[in-house]
Amino acid sequence: MANLRNIKDRISSIKNTQKITRAMKMVAAAKVKKAENMVKMSRPFTYELYRMFIMVYKEIGKSKFDEIKTKSAINNYPALLNARDVDTVGLVIISSNKGLAGAYSANIVRFTLNKIKELNADNKKVVLYLVGQKTLAPLKNAQKNLDFEIREVYTGILDDLNVSSAKIVAEDLAEDYVADRIDRIELITTRYINTMTYKVEEWTLLPALTPEEGQNKAREMKLNKFHRDEFDKEHNVEYEHHIKLESVMEFLPCPECVLQKIVPMYITNVIYQTMLEAQASELSSRMTAMSAATANADDMIKNLTVQYNKVRQEGITQELTEVIGASLAK
């Protein structure tokens, strides 16, 4: 009977856990739709801003600008666009604050560690900026074998994700870049594909393209970074129309003035886009993980129920045998 009680307690415990996993699956499913819509709505703007940035930047190649001094580093566009020899690379790792999302955080950590190994092998110093705390512990453990510094950890940003949150990260990165504490900034995020799929990717934020590289970039860009292939034909026609207008477009009062406004927007918006992509990927991963956990709980309950019935039947058979044996002994 003790064995029956144990099996019954296990079944009850698994059923309670299943209620939690089913509820978490439903919550994640409700949130992932909203996050997916946010990602899809923001991608066109992010791409058009990037395209406009390239267009203005290539115009700057026709003129020279002296380095300017501003109160905020993120407004110092000549220093931010200045490409230099790379000694220190800043990696911004976009993850999450919560677990129970399957292998989501583990995939990001694995990708990050491989990237750090490559940079260490190339004699580059690495500085990490962590957005989300789930990658903090495994990366701290990895410091025993790899050479990198964890400079900043942003834990509250993902709880209330908006452009202002992204601006906090952007200003810190710009300050370190302008002060020559880092020479290149790369973002490691998860690109949302659909509710079942995401992909860990690396986006280069700074330095931007040189004006010479930007000459044909706007024309050749296929939106592999921001998924132009997901847009409808109308967007593609509009894009071709923009290309035809590039040769006659004028920037007033001057390209430098426009660029000074666009650069902070470009940096902030790309960071914001990576956070939106990561948030949608995390929710889809959690929904999938909780769905699998709920299904596994069903299988465990069925197996334990069969086991419970077998043990119970064995007990009944044993009692009947004992009763019959006692009656025959009389």
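Is leucine 320 exposed or buried? I began my notebook with this residue, working throughout on a predicted model. Leucine 320 sits in helix α8, and I noted it as exposed because its relative accessibility is 51%, where exposed means over 50%. I then looked at what surrounds this residue in the listing of patches, and found that Ile316, Leu320, Ile324 and Leu328 make a nonpolar surface patch of about 400 Å².

**Entry on the overall fold.** I looked up the secondary structure next, and the protein chain comes to 8 helices and 5 strands. Reading from the N terminus, I wrote the order of the elements down as α-α-β-α-β-α-β-α-β-β-α-α-α. The chain has 330 residues, and 45% of them count as buried.

**Entry on the largest pocket.** I found about 590 Å³ of space in the largest pocket, and its lining is made of 23 residues, with Lys31, Lys98, Leu158, Gln279 and Leu283 lying nearest the centre. Two elements, α1 (2–60) and α8 (255–329), are those that give two or more residues to this lining, and α8 gives the most, with 8 residues. When I sorted the lining by residue class, I had 12 nonpolar, 5 polar and 6 charged residues.

**Entry on lysine 25.** Lysine 25 is found in helix α1, and I recorded it as partly exposed because its relative accessibility is 33%.

**Entry on the backbone.** The peptide bond from leucine 206 to proline 207 is cis, with omega near 0 degrees, and proline 207 lies in the loop between β5 (197–206) and α6 (211–220). Leucine 100, which is not a glycine, has a positive phi of about 55 degrees; I placed this residue in the loop between β1 (88–94) and α3 (104–121), where it is exposed at 54% relative accessible area. Asparagine 123 also has a positive phi, of about 60 degrees, and lies in the loop between α3 and β2 (125–131), exposed with a relative accessible area of 69%.

**Entry on salt bridges.** The count came to 16 salt bridges, and I followed a few of them in turn. Within helix α1, glutamate 48 and arginine 51 are separated by about one helical turn because they are 3 residues apart, and their side chains meet in a salt bridge at 3.0 Å, N to O.

I recorded both ends as buried, since arginine 191 has a relative accessible area of 14% and glutamate 201 one of 12%, where buried means under 20%. Lastly, I noted a network of salt bridges that links Glu149, Arg151, Glu175, Asp176 and Arg181.

Technical notes:
Residues numbered from 1 in each chain as written. Predicted model: local features only at pLDDT ≥ 70, side-chain atom pairs only at ≥ 80, totals over all residues. Heavy atoms only, no water. 1 Å grid on protein atoms, 1.4 Å probe; cavity = no way out; pocket = protein on both sides within 12 Å on 5 of 7 lines; lining within 4 Å. Points joined across faces, edges and corners; volume = space filled by probe spheres on them. Helix = DSSP H or I, 4+ residues; strand = E, 2+ residues; numbered from the N terminus. Nonpolar A, V, L, I, M, F, W, Y, C, P; charged D, E, K, R; others polar. Patch = residues over 30% accessible without salt bridge, like charges linked within 9 Å, V, L, I, M, F, W, Y side chains within 5 Å. Areas by Shrake-Rupley, 256 points an atom, 1.4 Å probe, with all protein chains shown as cover. Salt bridge = Lys/Arg side-chain N within 4 Å of Asp/Glu carboxyl O. Buried < 20%, exposed > 50% of the residue type's maximum accessible area, 1.4 Å probe, protein only.
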